Amino acid sequence: MKAAIYTKFGPPEVLQVMEVPAPVPKENEVLVRIHATTVEKEDPDCRKGPGFNGILKPKKPILGMELAGEIEAADRNVTRFKTGDKVYGNAGLGLGTYAEYICLPEDGALAIKPDRMSYKEAAAVTNGALTALPFLRDLADIRRGQRILVNGASGSVGTAAIQIAKYYGAIVTGVCSTKNLDMVKSLGADNVIDYTKEDFAKTSETYDIIFDVAGKTSYSRCKHLLSPNGIYLSTVPTPAILLGMLFTSKSRGRKVKFAATGLRKQSDKAKDLFFLKDIIDAGKFRAVIDSSYPLEQIARAHEHVEKGHKHGSVVITIE
């Protein structure tokens with residue numbers, strides 16, 4: 001099969017597309033023919049240097065977490081899926097979606113693809129939604145009528161957060177750059193703030209939830225914007241965030257919260273994918289695609305993501 005692999009850490013050029021043996025499904029696994037995956041901001045970090053994918057060299061030579069494709073084969077014990085099913089999902093820390101094929105357990109983060117979406121669109125929604133949903137629904141217990149500010153509203157997590165917050169009936173303010181204002185409004189944001197012209201931390205508005213999806217601000221800068229029982233959410237566990245969690249957990253009032261959503265059980269992610277399918281097919285959630293590259297141009301896609309200005313997701317197609 002065709003796959004983008006890397007055998008050493010380094011610049012985007014370490015990613016090389018070549019032929020490698022296709023995997024064979026083991027007990028209770030399915031073989032998925034991948035039609036689309038994505039390059040998220042975590043991928044270049046894995047590629048550039050030591051981390052969870054190895055210290056001296058990459059432990060797993062094929063990167064990628066998101067996927068959309070078709071079940072091509074299944075172990076005889078599999079009951080949840082059948083050959084020909086169109087699916088989408090997340091491989092988690094097992095990685096491996098920069099390839100034509102991947103084997104996944106049937107009880108992993110895999111679900112039937114939304115009917116309304118193409119493979120490209122389905123691959124594009126998983127990363128952002130599987131992050132934003134547990135933050136807003138589980139950590140913040142978001143409710144109708146609450147006021148929420150999403151800082152970093154145009155990225156994959158931000159665009160998902162806006163739509164999920166609106167689904168739950170919140171009043172949403174999105175913070176983004178000038179070029180993304182219209183897009184963020186089109187997702188349902190009630191208000192938008194152009195960070196190139198205005199510092200949201202210096203406004204007089206108050207919020208029940210502030211969701212800093214990219215770790216670009218801090219609790220100390222935003223504390224005065226929170227309602228008395230407001231919650232500050234961050235996807236980046238800086239020392240300040242961890243200390244803030246510790247201190248605010250021991251007192252009433254405002255809270256700081258973080259969750260390693262990528263480390264959740266794959267079965268919990270699968271439940272969220274089925275929930276997401278329902279709201280997508282109901283027309284309440286849509287994909288936001290920044291750009292699309294064929295697998296052969298994976299290095300260019302990494303270069304683009306590393307610039308830090310993408311909106312939504314960067315999709316990789318595998319033909």
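**Basis.** I worked with a predicted model, in which local features need pLDDT of at least 70 and side-chain atom pairs count only at pLDDT 80 or more, while totals for chains, interfaces and linings use all residues. Residues are numbered from 1 along each chain as its sequence is written, and side-chain values use heavy atoms, with hydrogens and water left out.

**Entry 1: H2 and H3.** I looked up how helix H2 (residues 119–139) packs on helix H3 (residues 156–167) and found an angle of about 50 degrees, with the axes 8 Å apart. H2 is therefore oblique to H3. Helices (H or I, at least four residues) are DSSP runs numbered from the N terminus; axes are lines fitted to C-alpha atoms over the stretch in contact, and angles run from 0 to 180 degrees between N-to-C directions. Angles under 35 degrees count as roughly parallel, over 145 as roughly antiparallel, 65 to 115 as roughly perpendicular and the rest as oblique.

I then listed the contact (heavy atoms within 4.5 Å). From H2, Asn127, Gly128, Ala129, Thr131, Ala132, Leu133 and Leu136 meet Ser156, Val157, Ala160, Ala161, Ile164 and Ala165 of H3. By class, this contact of H2 with H3 has nine nonpolar, four polar and no charged residues. Ala, Val, Leu, Ile, Met, Phe, Trp, Tyr, Cys and Pro count as nonpolar, Asp, Glu, Lys and Arg as charged, and the others, Gly among them, as polar.

**Entry 2: H2 and H7.** For H2 and helix H7 (residues 266–281) I noted an angle of about 100 degrees, with axes 10 Å apart. The two helices, H2 and H7, are therefore roughly perpendicular to each other. The residues of H2 that meet H7 include Val125, Leu130 and Arg137, and their partners in H7 include Lys269, Asp272 and Phe275. The contact of H2 with H7 divides into nine nonpolar, one polar and three charged residues.

**Entry 3: The cavity.** I searched the whole structure for cavities (sets of points on a 1 Å grid over the protein atoms alone where a 1.4 Å probe fits but cannot get out). The search finds one of 30 Å³ or more. About 70 Å³ of space lies in the largest cavity. Its lining (residues with an atom within 4 Å of a point) comprises 14 residues, of which Ala124, Val125, Ser156, Thr159 and Val288 lie nearest the centre. H2 and H3 each supply at least two residues of this lining. By class, the lining of the largest cavity has seven nonpolar, six polar and one charged residues.

Methods
On a 1 Å grid over the protein atoms alone, a cavity is a set of points where a 1.4 Å probe fits but cannot get out, and a pocket is an open set with protein on both sides within 12 Å along at least five of seven lines; lining residues have an atom within 4 Å of a point. Grid points are joined across faces, edges and corners, and a volume is the space filled by probe spheres set on the points.
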